[in-house]
Amino acid sequence: MVSQAGKVTLGRSASRERRRARLGPLSGLSHAALVVWTALVTVPIAWTFLASVKSEDEIFGSAWSLPASLRWDNWARAFENAHVGRYMLNSLVVVALSTTGTMLLGSMAAYVLARYRFRGNRAIYLLFVSGLAFPVYLALTPLFFVVQNMGRLPLVGPLIGLDTYGGLVLVYIAYSLPFTIFFLSAFFRTLPEAVAEAAFVDGASHARVFFQIMLPMARPGIVSITIFNVLGQWNQYQIPLVLLSGQAQDKWVLTQGIAAISTAAGYDADWSALFAALSMAILPMLVVYTVFQRQIQAGLTAGALK
Amino acid sequence: MPERDAREPVTGRTPVLAGAGEKGRNAMARPAAGGRRSAAPRRIDAARARFIAGFLAAPVLLYAVYVIAPYAQAFSIALTDWRGVSASPRFVGLENFRRLAGDSVFWTAVGHNALLLVLLPLLTIAIALSFAFLLNAGGANGGGVAGSRFYRVVFFFPQVLAVAIVAVLFQQVFRPDGSGMLNAPLIALGLEPVGFLSDPGVAFWSILGVLVWQAVGFYVVLFSAGMASIPREMYEAARIDGAGPGRLFFRITLPLLWDTVQVGWIYLGIAALDVFAVVWVMTPERGGPDHSTTVMAAEIYRNAFQYFRFGYASAMGVVLFFFTVAFAAAALRLSRRERVEY
């Protein structure tokens with residue numbers, strides 16, 4: 001990457017004149033196109049942030065007017081009355097648990113399937129990977145009843161039924177396994193054999209070799225797929241919509257909450273709080289993305305580049 | 001026999017590893033005399049087997065309960081008239097599918113998915129390819145234009161936002177009066193405001209626009225990564241031969257990037273078949289106005305969880321499943337071309 005960037009700058013200074021002559025008009029046009037798309041991406045988001053500090057009258061007045069004063073009370077209202085704080089906390093709890101679970105179970109299964117030969121290996125691998133091809137909408141109805149039935153189990157039932165964090169977490173993990181296993185088993189297959197063999201000779205157990213040697217060696221792959229899962233689960237909307245009903249509003253995740261506020265805003269007409277809620281949902285993503293954009297881009301495109 | 005019975009616990013006790021079933025099988029399979037000599041490898045075998053089983057048990061169980069079982073059940077529920085949470089399902093054969101064949105709303109939804117299946121990949125890939133080319137090879141001597149890194153970072157951002165959040169955002173952007181981001185300038189210019197979401201002739205295109213808006217950045221980054229691995233000498237050589245940017249793109253970039261484009265095409269096609277949140281959250285009447293934006297996933301959700309027609313919704317799910325499989329098979333078959341090695 002670095003050497004390529006160096007080459008680019010070198011080439012640029014050397015042939016600037018020649019390029020001007022040939023690519024001049026195209027360069028101008030292409031810059032215009034790039035600037036237009038930049039505006040298309042940034043302006044709606046910036047406009048939302050602007051509207052989040054406007055008063056109701058200003059929002060309904062003219063869309064492009066500047067606010068007379070910055071009304072941060074919109075944000076306070078969205079956070080408290082519209083429960084955005086609560087929804088965000090719920091999303092954090094659910095994603096923390098589900099991504100941890102996905103990575104633990106996914107890497108364990110991927111490792112065994114990638115590096116141990118035994119009868120049924122291929123069948124189990126294909127079973128997991130075939131999950132990539134199925135549209136989740138096919139499973140929605142039965143899934144609802146599966147989770148409902150899990151809620152009737154003795155002891156653990158109340159923790160993993162409908163309208164619980166646990167139920168949502170387990171479903172997230174199960175539906176994240178196909179891609180996680182597909183990606184990580186390809187990764188584990190590329191790791192060298194020698195280190196693990198040396199550890200076995202020294203008497204290390206299989207589990208120990210996995211946790212202390214192979215897992216650290218697989219770190220780049222683990223990081224990519226963790227990012228992929230965190231974002232995928234954080235942004236999930238369809239599954240919580242089915243599993244967390246209207247009676248469990250205190251457990252709703254952020255996407256669900258914001259979508260519901262937008263529906264309700266039609267009646268309550270607290271539009272400024274809606275914009276504030278929207279900004280509150282976007283802002284953390286903007287911050288996290290700005291800091292980790294390189295890793296996030298790598299993580300999300302990792303699957304497609306294989 | 002008594003001999004072996006007496007010895008068995010000795011080999012079995014020292015290593016705590018062998019499970020009961022494993023021990024029994026080995027004792028049956030191997031002659032008693034060999035028991036002591038093969039104890040060590042057997043112990044390792046047993047430990048290995050327990051490790052494999054131990055690591056696979058939880059993921060496989062979870063996957064079987066929450067993924068395999070629901071998918072399997074969906075096909076059988078589709079053959080029942082199950083309605084309502086309390087009612088019990090009754091087998092009706094293919095009746096749901098017969099009804100589905102005459103359900104005009106569902107076929108409207110299928111039509112929208114089909115249109116998205118063609119247009120979403122086409123537009124997204126065309127835009128993303130042009131931007132990726134400009135960013136990577138449109139500038140100096142085959143290098144990227146100035147600030148290409150900045151553009152990549154900005155373009156990618158919509159991808160990290162939840163579709164549901166984007167839908168709410170654009171609901172506001174598209175508002176039909178002077179408070180809408182897009183309509184305000186139109187009104188200021190003295191033009192008629194556009195009913196981006198309220199005009200049945202326009203709403204579908206607004207949906208498509210939002211989907212493209214969110215997807216382009218991802219594919220710019222994806223294609224850029226692919227283009228970065230194309231040897232620069234190829235461009236240099238072609239340029240010396242007098243090729244312009246257009247020829248460079250169509251004769252070098254596109255053929256060498258074809259694999260990545262193909263992957264993108266399949267991703268976007270599946271995304272087009274699975275569109276839900278944008279329609280459900282953004283449009284009036286959740287798929288309206290007048291069914292002008294509805295899609296299969298929205299009809300499945302509506303029938304299952306608003307009308308409680310579980311059997312009928314599952315039949316729709318089965319149809320969606322076959323569309324998805326057919327698309328994936330067709331895409332793999334049609335787009336497979338001679339791979340250019342470099």
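Predicted model: local features only at pLDDT ≥ 70, side-chain atom pairs only at ≥ 80, totals over all residues.
Most residues other than glycine have a negative phi. In chain B, B:Asp290 also has a positive phi, near 55°. B:Asp290 is found in the loop between helix 13 (277–282) and helix 14 (296–305) of chain B. With 12 other C-beta atoms within 10 Å, B:Asp290 counts as exposed.

Another loop residue of chain A is A:Gln247. A:Gln247 lies between helix 13 (238–243) and helix 14 (254–268) of chain A. A:Gln247 is exposed, with 9 other C-beta atoms within 10 Å. The C-alpha atoms of A:Gln247 and A:Asp163 are separated by 7.8 Å. Along the chain, these two residues are 84 residues apart.

Chain A is built with 15 helices and zero strands. Of its 306 residues, 42% count as buried. Among contacts in chain A with a separation of 6 or more, 72% join residues 24 or more positions apart. The domain assignment of chain A gives domain 1 (16–74) and domain 2 (82–269). The C-alpha centres of domain 1 and domain 2 of chain A lie 37 Å apart.

Chain B likewise has 15 helices and zero strands. Buried residues make up 42% of the 342 residues in chain B. Residues 24 or more positions apart account for 67% of the chain B contacts with a separation of 6 or more.

The chains meet through 82 residues of chain B and 77 residues of chain A. On the chain B side, helix 3 (residues 39–77) gives the most, with 20 residues. By class, the side of chain B that touches chain A has 65 nonpolar, 15 polar and two charged residues.

The largest nonpolar core has 178 residues. Residues from chain A and chain B are named among those with the most contacts inside this core: A:Val171, A:Ala277, B:Ala164, B:Ile165 and B:Val278. Helix 9 (residues 203–228) of chain B gives the most to this core, with 17 residues. A:Ala277 touches A:Ala78, A:Ala82, A:Val84, A:Ile258 and A:Ile261, not counting residues up to four places away in sequence.

Helix 9 of chain B also packs against helix 6 (residues 148–156) of chain B. The two axes come within 7 Å and cross at roughly 140°. That angle makes helix 6 of chain B oblique to helix 9 of chain B. From helix 6 of chain B, the contact uses B:Arg152, B:Phe155 and B:Phe156. These residues meet B:Val216, B:Gly217, B:Phe218, B:Val220, B:Val221 and B:Ser224 in helix 9 of chain B. The contact has six nonpolar, two polar and one charged residues.

A further helix pair in chain B joins helix 5 (residues 104–137) to helix 14 of chain B. Their axes come within 8 Å and cross at roughly 145°. B:Val105, B:Phe106, B:Ala109, B:Val110 and B:Asn113 in helix 5 of chain B take part. Their partners in helix 14 of chain B are B:Met296, B:Ala298 and B:Glu299. By class, this contact divides into six nonpolar residues, one polar and one charged.

Helix 5 of chain B also holds B:Leu116. B:Leu116 counts as buried because 22 C-beta neighbours lie inside 10 Å, and the cut-off is 20 or more. B:Leu116 touches B:Leu208, B:Ala272 and B:Val275, not counting residues up to four places away in sequence. B:Leu116 and B:Leu211 are 95 residues apart in sequence. In space, C-alpha to C-alpha, B:Leu116 and B:Leu211 are 9.4 Å apart.

Definitions and conventions:
Residues numbered from 1 in each chain as written. Chains lettered and ligands numbered in written order. Domains from an automatic or database assignment. Core = buried A, V, L, I, M, F, W, Y, C linked by C-beta atoms within 7 Å. Helix = DSSP H or I, 4+ residues; strand = E, 2+ residues; numbered from the N terminus. Contact = placed C-beta atoms within 7 Å. Nonpolar A, V, L, I, M, F, W, Y, C, P; charged D, E, K, R; others polar. Axes fitted to C-alpha atoms, helices over the stretch in contact; angles between N-to-C directions. Parallel < 35°, antiparallel > 145°, perpendicular 65-115°, else oblique.
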